Amino acid sequence: MSDPATNGKAVGGSKRPADGPGDGTRAVRAGLPEPVKHEPTLPGPVFAAHFHLPGDPTGPYTYGRDENPTWTHLERAIGELEAPGQDDVETLVFASGMAAISSVLFSQLRAGDTAVLPDDGYQALPLVRAQLEAYGIKVRTAPTGGNAQLDVLEGAKLLWIETPSNPGLDVCDVRRLVAAAHARGALVAVDNTLATPFGQRPLELGADFSVASGTKQLTGHGDVLLGYVVGHDTTAMTAVRRWRKIVGAIPGPMEAWLAHRSIATLQLRVDRQDTTALKVAETLRRRPEITGLRYPGLPDDPSHEIASRQMLRYGCVVSFTLPSRAHADRFLDALRLVEGATSFGGVRSTAERRGRWGGDAVPEGFVRLSVGAEDPDDLVADLLRALDVAGG
Ligand SMILES: *Cc1c(COP(=O)(O)O)cnc(C)c1O
């Protein structure tokens, strides 16, 4: 098991584990099959609802809802990035992040079980909670910050962690929560969407599942919905696989192929975007109209101490609060290089006033900014100009 703390800070540079190639090398090679003469390096998407299958129906490829060769390549790629050198992990790709999240929760929990969720996580988690409760599963919630989920673990079957949390960017101590959960016999899943596997490797921190939306920075172009689950507990993963089969929450081959193609540039994108995010945060903190600025990479951020012990990079999302809803709207309208859009992690910067959705417990002027791959100076200039317009 490698300890991120001993590998040095990787923000702005490529991280090279002591025992293998660096992140850039791993990204461009992830999941590639052995070269075959006259075949492309990354085989194209296989469009098949069913496969030739005379005689006894043996795998791997029988019916398109169960397996597809394009998924297989992508699953290998994600597994290599989430758990380098761990050959015993299994990866399953899904139609979306929510399909992946639901597959873990609904395959592992039964009526009467208790699950612990964050109360400040992804905005669809309250919907998931209502559905779990409708099936007789008890749900407790606590905030991500301060490791508050530790206090509600007694008797739980599964602990769900989202760190850094979206959109508040609080961070919890994954190793500590895992130790406490495992001591009580609970499984632990970590939503790794915001960090990406180049920002955090939950399985090395002890988690049973790393789950993520590949819709965000993993694929990074805002054109694909995808989700995945990585785990090494065979029994648990068999149940997750069965859930995918019975619910049919599968990615299309085209989406899976686009995702794999996009992963080749993951190291370039996270280095550029995460480095610029730090620069943006350092710039925004000097503006008097901004309060509640959060970025785990800022040395005095409340999340920084824990983040620096378990993360390899700090992500591309910066959040902050402007004095009012009107002020935030003026700021967003004035931006030229930052698109008004939800979601995050894309190569084009996006921002939104999170309160417009009504789900998150955030102030009206709260803005979630996703830093893209534009030139840092251009982006900083655009943000400062828009702040001046909004304030003037
Ligand atoms: C977007 C997101 C999800 C859901 O992913 P989809 O691909 O939109 O289904 C889950 N968790 C986090 C933290 C997210 O940001």
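Helices here are DSSP runs of H or I with at least four residues, numbered from the N terminus, and the expected span of one is 1.5 Å times one less than its number of residues. Keep in mind that this is a predicted model, where local features need pLDDT of at least 70 and side-chain atom pairs count only at pLDDT 80 or more, while totals for chains, interfaces and linings use all residues. Residues are numbered from 1 along each chain as its sequence is written, and side-chain values use heavy atoms, leaving out hydrogens and water.

Let's start with helix 3. Its twelve residues reach 17 Å from first C-alpha to last, close to the 16 Å expected at 1.5 Å a residue. Eleven of the twelve are buried (under 20% relative accessible area, with a 1.4 Å probe and protein chains only). Among them are Gly-97, Ile-101 and Phe-106.

Now for the ligand. Helix 3, residues 97–108, gives the most to the shell around it, with three residues. That shell splits into six nonpolar, six polar (Gly counts here) and three charged residues. Of the 15 residues around the ligand (a heavy atom within 4 Å), Met-98, Asp-191, Ser-213, Thr-215 and Lys-216 come nearest.

What holds polar contacts, meaning pairs of N or O atoms within 3.5 Å, with the ligand's oxygens? A polar side-chain atom of Thr-215 sits 2.6 Å from a ligand oxygen, and one of Ser-213 is 2.8 Å from a ligand oxygen. Gly-97 uses a polar backbone atom instead, 2.8 Å from an oxygen of the ligand. Taken alone, the ligand exposes 380 Å² (Shrake-Rupley method, 1.4 Å probe), and the protein buries 94% of that.

Methods. Polar contact = N/O pair within 3.5 Å; in protein donor to acceptor, adjacent residues only side chain to side chain. Helix = DSSP H or I, 4+ residues; strand = E, 2+ residues; numbered from the N terminus. Buried < 20%, exposed > 50% of the residue type's maximum accessible area, 1.4 Å probe, protein only.
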